[in-house]
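Student: Could we go through this structure together, one question at a time?

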Protein chains: 2
Amino acid sequence: MGDVADLGSLATPSLILDETIMLRNIERLERRLAALKVSARPHLKTVKSVDAARHVLRNARGATVSTLREAEVFAEAGVTDILYCVGIAPQKLPRVLALRAAGCDLVVILDSLAQAHAVAEVSRKAGEAIPALIEIDCDGHRSGVRPDDPVVVEIARILVDGGAELRGVVDHAGESYGTHGEASLVAFAEQERDAVVAAVAQLAEAGFACPVVSVGATPTAHFARDLSGVTEVRAGVYVFFDLVQAGVGVCGLKDIALSVLTTVIGHQTERGWIMIDAGWMALSRDRGTASQKIDQGYGVVCDIDGQVLDSLIVTATSQEHGVIGVRPGSGAPLPDISVGTMLRILPNHACATAAQFDGYQVVTAAGGLDYWPRFRGW
Amino acid sequence: MGDVADLGSLATPSLILDETIMLRNIERLERRLAALKVSARPHLKTVKSVDAARHVLRNARGATVSTLREAEVFAEAGVTDILYCVGIAPQKLPRVLALRAAGCDLVVILDSLAQAHAVAEVSRKAGEAIPALIEIDCDGHRSGVRPDDPVVVEIARILVDGGAELRGVVDHAGESYGTHGEASLVAFAEQERDAVVAAVAQLAEAGFACPVVSVGATPTAHFARDLSGVTEVRAGVYVFFDLVQAGVGVCGLKDIALSVLTTVIGHQTERGWIMIDAGWMALSRDRGTASQKIDQGYGVVCDIDGQVLDSLIVTATSQEHGVIGVRPGSGAPLPDISVGTMLRILPNHACATAAQFDGYQVVTAAGGLDYWPRFRGW
């Protein structure tokens with residue numbers, strides 16, 4: 001498990017992962033889903049790490065991924081039940097077949113007749129019925145067909161008659177990221193459940209069964225009160241949490257497991273700026289809190305031990321420079337933080353910030369320091 | 001040089017680099033700087049590729065980098081004259097010494113007494129005079145001291161008396177990215193030159209020489225009319241150009257060498273959306289044109305051959321989904337582009353988009369296809 005954690009010895013910027021917080025976040029969702037009597041299918045697009053996935057998947061039915069590269073890496077690491085949860089492009093089907101041939105039960109999603117024809121044709125030619133979920137649109141956020149659209153049954157028919165497999169339905173309440181507070185999140189969770197349940201009913205009436213009924217987004221996963229009719233829940237960012245999720249009301253700052261370690265490299269005292277060596281290359285360009293009630297800039301500043309310095313945020317970035325300033329309206333004075341001081345920045349969006357790094361410097365639950373590599377690409 | 005370029009055979013998303021356009025961009029700046037009788041010190045933070053750097057540096061005095069990792073990779077590849085152009089943190093000085101010991105003339109920059117003391121102390125202890133440029137602030141954009149601030153001479157004195165080397169001065173008109181048009185860009189270039197020339201005069205009066213007087217930003221490098229007193233010009237994004245630079249007025253869309261190859265994966269016809277498999281993970285979260293006269297969303301859409309489809313931009317992204325829509329106000333109809341069609345997206349910010357990929361799929365000047373790996377990290 002490595003040495004005792006001495007973050008001061010690390011090069012900056014580095015990506016710090018607090019394993020204790022991560023494990024607490026994982027347990028929290030596990031408890032919720034167990035109480036709701038539904039399986040978990042965690043989304044590994046956030047962690048992109050085999051080491052982290054071992055914790056995330058320990059009580060899960062299977063995994064969700066956002067790229068075929070993720071599917072390939074996690075299949076190689078022994079994950080045998082994977083949902084590739086981005087609408088399938090016909091050109092990607094040979095890689096889907098290769099993964100299935102290697103023993104991974106990889107499932108695709110689709111929302112059009114064109115995709116259904118492509119999946120059916122490739123299945124027929126390969127003699128391998130590729131399983132597919134029909135993507136249902138519950139909130140106008142992104143992809144999917146409306147649950148009552150007759151095209152749902154048309155897609156099912158093309159799949160089944162054409163030699164593919166209809167595995168079920170899937171949706172994602174992406175609009176829930178744009179809201180705040182319990183009442184609204186509970187409503188989004190109900191809307192997400194209602195949409196797939198309605199699609200299942202339409203399909204049942206036409207004679208098609210849906211063994212898998214998959215819903216999920218981190219906010220709805222934490223606020224659903226009833227998941228009758230749902231077989232599995234997907235969520236990803238809950239493993240680390242971030243400022244956007246705190247702004248939505250799903251977690252507090254103390255639940256954010258991820259931060260960027262940085263060093264003070266200068267001051268522009270007249271302008272109220274402390275310059276750091278974490279720019280957008282380290283923090284990412286994500287400004288997800290810009291549209292929330294509290295705009296956290298490019299991140300909230302903590303000391304090297306992770307204690308939040310609440311009046312300070314990263315107000316601007318260039319590629320390798322960050323500017324720390326006092327939060328607008330706080331009225332707090334700019335503290336005197338000397339060149340060479342190390343700080344930590346909580347990210348707006350864990351998926352985006354983590355993706356800027358090749359790996360995690362893990363402060364382990366045992367108090368040591370470990371390194372977990374990440375991967376990327378498609 | 002690989003096969004004949006068949007982009008249709010590539011997995012998506014992929015990062016496409018048009019070598020012909022890149023070479024034209026490099027030649028353009030080389031011609032300008034030759035006419036101004038000043039050396040080039042290209043910034044390699046944009047390309048982060050040894051293969052690309054061979055072209056970029058062919059007529060340059062040396063290189064500029066934004067991380068010590070870049071310095072280490074390019075030094076290993078044979079670049080012996082490198083400016084690390086982010087204010088030095090004391091903790092990084094051992095790596096600076098190691099690079100210098102390996103034969104690379106690595107130069108650091110600084111703008112504070114604290115940094116000057118640290119560089120002097122490490123130089124003295126190592127018996128190696130680390131060369132430093134004093135960073136001058138010409139436009140209030142980021143770091144640096146004002147050219148007439150007496151601290152300029154104090155820093156010089158600490159360096160020289162302490163055992164380090166004063167190599168000269170450096171500035172960067174970062175605010176020029178926020179303007180538009182020739183008159184303003186010419187003025188920014190003059191302001192950038194004036195600031196370092198004034199700092200050199202202050203230092204000369206105190207008895208300090210400045211062998212290196214370094215200015216630069218892509219906009220000012222292309223619009224400077226007189227660089228008397230300047231010894232070298234830095235620029236980085238000019239190698240690829242991007243939509244931000246087009247918005248500033250430094251290039252046209254036809255000069256953008258970089259694009260993201262993507263595949264259509266669905267439609268939301270009622271909402272006027274075409275869904276693609278390039279989300280922010282591929283395009284980056286950079287929205288640099290949002291504050292310009294023409295907001296290009298997350299990028300301008302081209303067909304697979306690179307022909308601009310002017311009415312279409314990427315209007316929204318999630319991690320692995322992009323949404324193409326008609327440019328607001330264009331009044332154009334949404335074209336019928338079927339699932340499986342491949343498109344290319346011109347990026348807002350080449351440095352940010354390129355950083356999302358492990359390498360370039362290069363359409364070579366000879367018409368073939370090549371692959372140039374990129375690196376990242378700090």
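Tutor: Gladly! Domain bounds here come from an automatic or database domain assignment. This is a predicted model, in which local features need pLDDT of at least 70, side-chain atom pairs count only at pLDDT 80 or more, and totals for chains, interfaces and linings use all residues. Residues are numbered from 1 along each chain as its sequence is written, while chains are lettered from A and ligands numbered from 1 in the order in which they are written.

Student: How far apart do the C-alpha centres of domain 1 and domain 2 of chain A lie?

Tutor: The assignment gives chain A a domain 1 spanning 21-238 and a domain 2 spanning 253-373. Between the C-alpha centres of these two domains of chain A, the distance is 33 Å.

Student: Which element gives the largest share of the side of domain 1 of chain A that touches domain 2 of chain A?

Tutor: Two residues are in contact if their C-beta atoms, placed from the backbone, lie within 7 Å. In chain A, 12 residues of domain 1 are in contact with 10 residues of domain 2. Helices (H or I, at least four residues) and strands (E, at least two) are DSSP runs, numbered from the N terminus, and α1 (19-35) and α2 (50-56) of chain A each supply at least two residues of that domain 1 side. The largest share, 4 residues, comes from α1(A).

Student: Why does the radius of gyration of chain A agree with a compact globule?

Tutor: The radius is taken over C-alpha atoms, and the globule rule is 2.2 Å times the number of residues to the power 0.38. For 378 residues, a compact globule would have a value near 21 Å, so chain A agrees with its 22 Å.

Student: What rotation superposes chain A on chain B, and which C-alpha of chain A is nearest the axis?

Tutor: Copies are superposed by least squares on the C-alpha atoms of residues with pLDDT of at least 70 in both. The rotation is 180 degrees with 0.0 Å of shift along its axis, and the RMSD is 0.0 Å. The two copies are therefore related as by a two-fold rotation axis. In chain A, the C-alpha nearest that axis, 2.5 Å from it, belongs to Arg285(A).

Student: Which element gives the largest share of the side of chain A that touches chain B?

Tutor: The contact takes 41 residues from chain A and 41 residues from chain B. On the chain A side, the elements that give two or more residues are α5 (113-126), β10, α10 (280-283) and α11 (350-354). The largest share, 4 residues, comes from β10(A).

Student: Which strand pairs with β11(A) over 4 bridges, and which residue stands opposite Ile274(A) there?

Tutor: Two strands pair if DSSP finds at least two bridges between them. The antiparallel partner of β11(A) over 4 bridges is β10(A), residues 258-268, and the two form a hairpin with 4 residues between them. Opposite Ile274(A) stands His267(A).

Student: Which residues are buried on the two faces of β11(A)?

Tutor: A residue is buried if 20 or more other C-beta atoms lie within 10 Å of its own, exposed if 12 or fewer, and partly exposed in between, with C-beta atoms placed from the backbone. In a regular strand the side chains alternate between the two faces of the sheet. In β11(A), residues 273-276, both faces are covered. On one side the buried residues are Trp273(A) and Met275(A), and on the other Ile274(A) and Ile276(A).
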